Amino acid sequence: MPYSDVVDAKELITKDTERCILDSENNIVVMKRFDGSQNFLFVKMDLDGNIIAQNEVKIDLNLEKSTIPYHALTIYNENPLQYAFSFTQPAGLEKLSIVVLDADFNVIDKDLNNVLQIYRDYERINVMGYDDESYLTSTSQFSVGDQISYSINLRKMNKSHELINEYEHRFYRSEDKIPYLYGKNILKTEDGNIFWIYSLTRDARDGQDLYISYFDKDLNLLWERRACEYMSHNADILSAIVRNDG
């Protein structure tokens, strides 16, 4: 990469914090978070490695080094080209936040106060631009009522950050199944349908099973498949694409 892991004598956190996408103009966009600061570094380069844009984005929040938030990066809008990144704020009830950037990584919109009870030990979120009017978020959550339950939630939000619709898959503690999301777990097909990838733990010894769910554009579940059994607890989805044949 044509940039150092030390920028202005500030180290960049690397564990679970670097995100990289290929945007609609065929440029590489990389996001990293600075160690001991509130800043995120964004770099955009062409396929030859020439830097096109670079900027530090500061969000006025208490994102401490000891509570590194997981975050996700997406193309928010294609024309005009905009990006968005999302992260959690570790303050009581977890807050899911989204920040929208223009093509030069200037902040043009943000929503920092979506309150969620995110399950900390399996803290994974994702965000994906869907169309000109909406985007998708994917979270793993828990709640305490008559009994402890876990859920994974796929939400469609409008560009005013209001909920359009939601699909929730809930599991109760008595089932001994805890859902787990991955850094790459939302995919959109050319016709606007949505693939959603997650896993469920079997038990402490037997690892987890991988599932794929398929939705229409209104988040109606069309089908769900167990795609792989007995995966390692350390498994992750590093990359996924939609092929022309589905």
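Here are a few questions and answers on how terms are applied to this predicted model.

Local features need pLDDT of at least 70 and side-chain atom pairs count only at pLDDT 80 or more, while totals for chains, interfaces and linings use all residues. Residues are numbered from 1 along each chain as its sequence is written, and side-chain values use heavy atoms, with hydrogens and water left out.

Q: Why is Lys-188 said to sit over the ring of Tyr-130?
A: The rule asks for NZ of Lys or CZ of Arg within 6 Å of the ring centre and within 35 degrees of the ring normal. The charged end of Lys-188 is 5.1 Å from the centre of the Tyr-130 ring and sits over it. Lys-44 likewise lies over the face of Phe-105, at 5.7 Å from the ring centre.

Q: What makes strand S17 largely enclosed by the rest of the structure?
A: Buried means under 20% relative accessible area (exposed is over 50%, partly exposed in between; 1.4 Å probe, protein chains only). Eight of the nine residues of S17, residues 207–215, are buried, so this strand is largely enclosed. A strand here is a DSSP run of E with at least two residues, numbered from the N terminus.

Q: How do you know that S17 and S18 pair?
A: Pairing takes at least two bridges found by DSSP between the strands. Seven bridges join S17 to S18 (residues 221–231), and the two run antiparallel. Tyr-214 stands opposite Trp-223 in S18. Five residues lie between the strands of this hairpin, where Leu-219 takes a positive phi near 65 degrees.

Note on methods: Helix = DSSP H or I, 4+ residues; strand = E, 2+ residues; numbered from the N terminus.
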